[in-house]
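Hi,

Here is the structure I promised to pass on to you.

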Amino acid sequence: MKKIMLVCNAGMSTGMLAKKIQEASNGTMEVSAYGEAEYMDHTDGVDMILVGPQIRHLLPNIQASVSCPVQSIAPQHYGIMNGKAVYEEIEKALKG
């Protein structure tokens, strides 16, 4: 099971998206969401980190602080909470 972390300002709206991504994965991913102030306490075993559009300016800092792939969530998927589309992006990135 892949472990995916979403990071945003406070982790609230991203928490809703995390549930939708996990549902779209049919049990192949464990998806959690954290605010930017706390995510570093939860990076053990994480396969990938996705950053919310509202803090994508922090992407280079986050990439420098972890050893797993980090990418931004597409604003068009985030805005409508399209968990299936984000799941497909994760799959593409992890296979690449």
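Below is what I found, starting with how to read the model.

This is a predicted model, in which local features need pLDDT of at least 70 and side-chain atom pairs count only at pLDDT 80 or more, while totals for chains, interfaces and linings use all residues. Residues are numbered from 1 along each chain as its sequence is written, and side-chain values use heavy atoms, with hydrogens and water left out.

Let's begin with the inside. In soluble globular proteins, nonpolar side chains tend to be buried together. A nonpolar core here is a set of buried Ala, Val, Leu, Ile, Met, Phe, Trp, Tyr and Cys residues joined through side-chain atoms within 4.5 Å. Buried means under 20% relative accessible area, exposed means over 50%, and partly exposed is in between (1.4 Å probe, protein chains only). The largest core has 16 residues, and Ile4, Leu6, Leu17, Ile21, Leu50 and Ile90 have the most contacts inside it. Strand 1 (2-8), helix 1 (12-24), strand 2 (29-35), strand 3 (48-51) and helix 4 (83-95) each give two or more residues to this core. Those names come from DSSP runs, numbered from the N terminus: helices are H or I with at least four residues, strands are E with at least two. There is also a second, separate core of 14 residues, including Val51, Leu58, Leu59 and Val66.

Next, the strands. Strand 1 and strand 2 pair in the parallel sense over seven bridges (pairing needs at least two DSSP bridges between the strands). Ile4 has Val31 in strand 2 as its bridge partner. Five of the seven residues of strand 2 are buried.

Helix 4 is worth a look too. Its buried residues are Gly83, Ala85, Val86, Tyr87 and Ile90. Among the elements covering them are strand 1, helix 1 and helix 3 (75-79), where contact means heavy atoms within 4.5 Å.

Leaving out residues up to four places away in sequence, Glu36 touches Val7, Cys8, Asn9, Ile55 and Leu58.

Cheers
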